[in-house]
Amino acid sequence: MSTTRTVGVGLISVGWMGQLHARAYRDVPIVYPGLGVTPKLVIAADTAASRVDFAKNVLGFAEGTTDYREVLAHPDVDVVSICAPNFLHAEIGIAAAKAGKHFWIEKPVGRSYTETAAIEAAATDAGVITSIGYNYRHAPAVEHARKLITEGSLGRITNVRASFFSGYANEPNGALSWRFDRELAGSGVLADLFSHASDLCQYVVGPIAEINALTSTVYTERPKLAMGSGTHFAVIENGEMGPVENEDYAAALVRFGSEGPGSGAVGTIEASRVIVGPECGYQIEVYGTEGSLKWDFERMNELKVCLGRTNAEQGYLTVNASPKHGDYSRFQPGPGNALGFDDLKTIEAKKFLLAVTGGPQENSNVHDAASAAAIVTAAETSAATGQWQKLDVVAGTTASRTA
């Protein structure tokens, strides 16, 4: 099928994630030729002139600027990718909505629930389509897990375990980037990694209704790093030290509400950015009265499944992702040919563009972001008070539901 519509793309911030968004847009017509959409890379913005040049000369954007407002004002831009640091998300997201631009924004969408809710309100008032960088939910094995749970293959869901362990900050001399500054980032591992884990729990099991959490900061000081001069992976020896203002580790007990297939279930969620061992150890385990399943992003193309209490063959069967699961067939012809992280962003781009052009809204949205932010805020309050916190259901999310 030939393409039928061109969608003008603007990009704000041309770092690693911005570059990945650009590549995902470029891949969409190749991976999904029947979608009928051709993204056109119109204009990219970054405060660093070298990155603007990279956007034009390497990524293929027709224009570049150091002022993101020029992206939002450009008449040929239909959609905007917002990949700037957390502290700019509210300003840019609200401005994008007011400019009538559909936007794909990385998480956490706001540094707090208040900021996220403001972006949600602006997008809702403007009627623009939004998509959030919860890319892990697009793994074909995860989509299959969601289907098994929703169909009742595991029976009544009883308990859930989720964790996101990443050692990106396990080096004590790792740079004091913006991620460790509360004014710039908001919370620490809660917003960065825990929010992914809670989103995945809600996506496959259902809305979280209550939470009781604790947090800790393992490294209270780190060597300073000038903004824009490196990443949070940079190591600085004998540098001037500055305070870490948010948490390195978080854990929570959760109860699921009555609206999803996990109605009445309980669970645990953990996250750490300073752990030694796991590099991207993002896991979810779901247990039911008739079976269970396990998924780990470090083996993202596999799903461990146990179905039935009385089968002769007990224990887990390792299911390889295949063309029968999610969007796998768009990338590989058969099982065993692995998908990667970048492919998940291509799926995310496709879902965003499909929604923008009037197709099914299978994408995550700003309501999912508001729900995740509410969970983070409740976790912070619980950690400070030692008390359970109740969570209201956020309307319009894509949390798993049976009705």
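Strand β5 (residues 102-105) and strand β6 run parallel and are joined by three bridges. Helices here (H or I, at least four residues) and strands (E, at least two) are DSSP runs, numbered from the N terminus. Within this pair, Trp104 has Ser131 of β6 as its bridge partner.

Before going on, a word on the source. This is a predicted model, in which local features need pLDDT of at least 70 and side-chain atom pairs count only at pLDDT 80 or more, while totals for chains, interfaces and linings use all residues. Residues are numbered from 1 along each chain as its sequence is written, and side-chain values use heavy atoms, with hydrogens and water left out.

Back to the sheet. β5 and β6 belong to an open sheet of six strands, ordered β3-β2-β1-β4-β5-β6, with parallel pairing; two strands pair if DSSP finds at least two bridges between them. The edges are β3 (63-65) and β6 (130-132), each with a single partner strand, so one side of each has no neighbour in the sheet. From one strand to the next the twist averages 25 degrees.

Two helices lie on this sheet. Helix α1 (residues 16-31) lies across β1 (5-12), β2 (37-45), β4 (79-82) and β5, at about 155 degrees to β2. Helix α9 (residues 341-356) lies across β1, β2, β4, β5 and β6, at about 160 degrees to β5. For these angles, axes are lines fitted to C-alpha atoms, for helices over the stretch in contact, and the angles run from 0 to 180 degrees between N-to-C directions. Contact means heavy atoms within 4.5 Å.

UniProt, in an unreviewed entry, places the feature "domain: Gfo/Idh/MocA-like oxidoreductase N-terminal" at residues 8-134. Such annotations may be inferred rather than shown by experiment; the positions are in the numbering used here, and feature names are shortened. Over residues 8-134 the chain is 45% helix and 22% strand, with the end C-alpha atoms 23 Å apart.

Now the other sheet. It is open, has nine strands in the order β16-β15-β14-β13-β7-β12-β11-β8-β17, and its pairing is mixed. At its edges are β16 (317-320) and β17 (389-390), each pairing on one side only. Strands β7 (residues 157-165) and β13 (residues 281-288) pair in the antiparallel sense over eight bridges, and Asn159 stands opposite Tyr287 in β13.

Helix α8 (residues 189-204) lies across β7, β8 (208-216), β11 (249-256), β12 (266-272), β13 and β14 (291-296), at about 150 degrees to β12. Helix α10 lies across β8 and β17, at about 55 degrees to β8.

How do α8 and α10 meet, and at what angle do they cross? Their axes come within 9 Å and cross at roughly 120 degrees. That makes α8 oblique to α10; angles under 35 degrees count as roughly parallel, over 145 as roughly antiparallel, 65 to 115 as roughly perpendicular and the rest as oblique. Residues making the contact include Phe194 of α8 and Ile375 of α10.

Last, α10 (residues 366-385) also packs with helix α5 (residues 113-126), at an angle of about 165 degrees and with the axes 9 Å apart. That makes α5 roughly antiparallel to α10. Among the contact residues are Tyr113 and Ile119 of α5 and Val366 and Ala370 of α10.
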